[in-house]
Amino acid sequence: MEYQKDIIVADKLGIVRTDSEEEYLAHLLCLGGTCRYRFNERDFELHTGDLSIVRKRKMLEKIQPSDDFQCKIIYAAPGFIELCTPQSNYGMKGSLALFLNPVMHLTPEQQIVCRRDFELLELRIKDTEHRFYRETLINAMQAAILDFFDFHARIYGESDISTQSASIMSRFLKMLEAGAYREHREVTYYADCLCVTSKYLSEVSKKVSGYAANYWINRYTILDISRLLRDKSLSFVQISDMFGFSSPAYFSRYVQQNLGVKPSDYRE
């Protein structure tokens, strides 16, 4: 069944490679040992009982598990997650917070709930003869997502985001995820597309995520640039042209301003 491709449960790293053409969200529960990794240009370390939810796995780098590291991982396709996510504005706040910090330190009670969710999903995935296989799988994933929301809300607080704000922020991020920042890095462009003012978009972004709209435009841009800089087959001029910079010198200044080093130094 096609749903078996949409969700995968694994008990070790590497089952789905981070550079896989198929994009998956990774939900990892650490069962023992430790694991260090870099995500979104920041370093994190998992310990027993920690839950890590990574939306953009291609941003993962330098994954270093300890010899005794044990885990359970749920890989889910974005479309399947969208299908299973309950109609709640909390999802937007949670996804933004996890983009900045993908690790949640669960209490012993939350760990039990999380393991139960993982085990139920694994059971439902295997039960392909169930007459209502699709419905039971969606139901199990939805229950897990609600528990993830609950974990996050208890750690970071409840959400008071309005439906309108959540909708605007969701559409704004979808444009960024589609790569609009390669051609457009002005808040006015996105505001015009969303039929709001630049000031209003920045206010919504600040309320929902804690950061103004310009932060997210620059963040997506510099993450993409840093990824391309690691590809030594591309020249600085080629990368500069991909993003429509007026000159390589301007591109170099932009990189230095946002990464703190020149493109040549970063590549080294």
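Is Glu 135 buried, partly exposed or exposed, and what is its relative accessible area? With a relative accessible area of 42%, Glu 135 is partly exposed, where buried means under 20% relative accessible area, exposed over 50%, and partly exposed in between (1.4 Å probe, protein chains only).

The model shown in these views is predicted, so that local features need pLDDT of at least 70 and side-chain atom pairs count only at pLDDT 80 or more, while totals for chains, interfaces and linings use all residues. Residues are numbered from 1 along each chain as its sequence is written, and side-chain values use heavy atoms, with hydrogens and water left out.

**View 1. The salt bridge between Glu 135 and Arg 134**. The side chains of these two residues meet at 4.0 Å, N to O, a salt bridge being a side-chain nitrogen of Lys or Arg within 4 Å of a carboxyl oxygen of Asp or Glu. Arg 134 is partly exposed, at 37% relative accessibility. Elsewhere, salt bridges that share partners join Lys 72, Glu 122 and Lys 126 into one network, and a search of the whole structure finds eleven salt bridges.

**View 2. The salt bridge between Glu 177 and Arg 55**. The closest N and O atoms of this pair are 3.2 Å apart. Because Glu 177 lies in helix H6 and Arg 55 in the loop between strand E5 (50-54) and E6, the pair ties together parts that are 122 residues apart in sequence; helices (H or I, at least four residues) and strands (E, at least two) are DSSP runs, numbered from the N terminus. Glu 177 is partly exposed, with a relative accessible area of 28%, and Arg 55 is also partly exposed, with a value of 36%.

**View 3. The salt bridge between Arg 116 and Asp 147**. Here the closest N and O atoms are 3.7 Å apart. Arg 116 belongs to helix H4 (residues 108-126) and Asp 147 to helix H5 (residues 133-156), so the pair ties together parts that are 31 residues apart in sequence. At 48% relative accessibility Arg 116 counts as partly exposed, whereas Asp 147, at 17%, counts as buried.

View 4. Phe 172 counts as buried because its relative accessibility is 0%. Leaving aside its neighbours within four places in sequence, Phe 172 is in contact (heavy atoms within 4.5 Å) with Tyr 190, Leu 194, Leu 201, Ala 213, Trp 216 and Ile 217. Between Phe 172 and Ser 205, which are 33 residues apart in sequence, the C-alpha to C-alpha distance is 9.1 Å.

**View 5. The packing of helix H9 (residues 213-229) and helix H11 (residues 248-259)**. The two helices pack at an angle of about 110°, with their axes 11 Å apart; axes are lines fitted to C-alpha atoms, for helices over the stretch in contact, and angles run from 0 to 180 degrees between N-to-C directions. H9 is therefore roughly perpendicular to H11, a term that covers angles of 65 to 115 degrees. Residues making the contact include Asn 218, Ile 222 and Leu 229 of H9 and Phe 251, Tyr 254 and Leu 259 of H11.

**View 6. An open sheet of three strands in the order E4-E3-E6**. Pairing in this sheet is antiparallel, and two strands pair if DSSP finds at least two bridges between them. Strand E3 (residues 35-39) and E4 pair over five bridges, and Cys 35 stands opposite Leu 46 in E4.

Terms used
Parallel < 35°, antiparallel > 145°, perpendicular 65-115°, else oblique.
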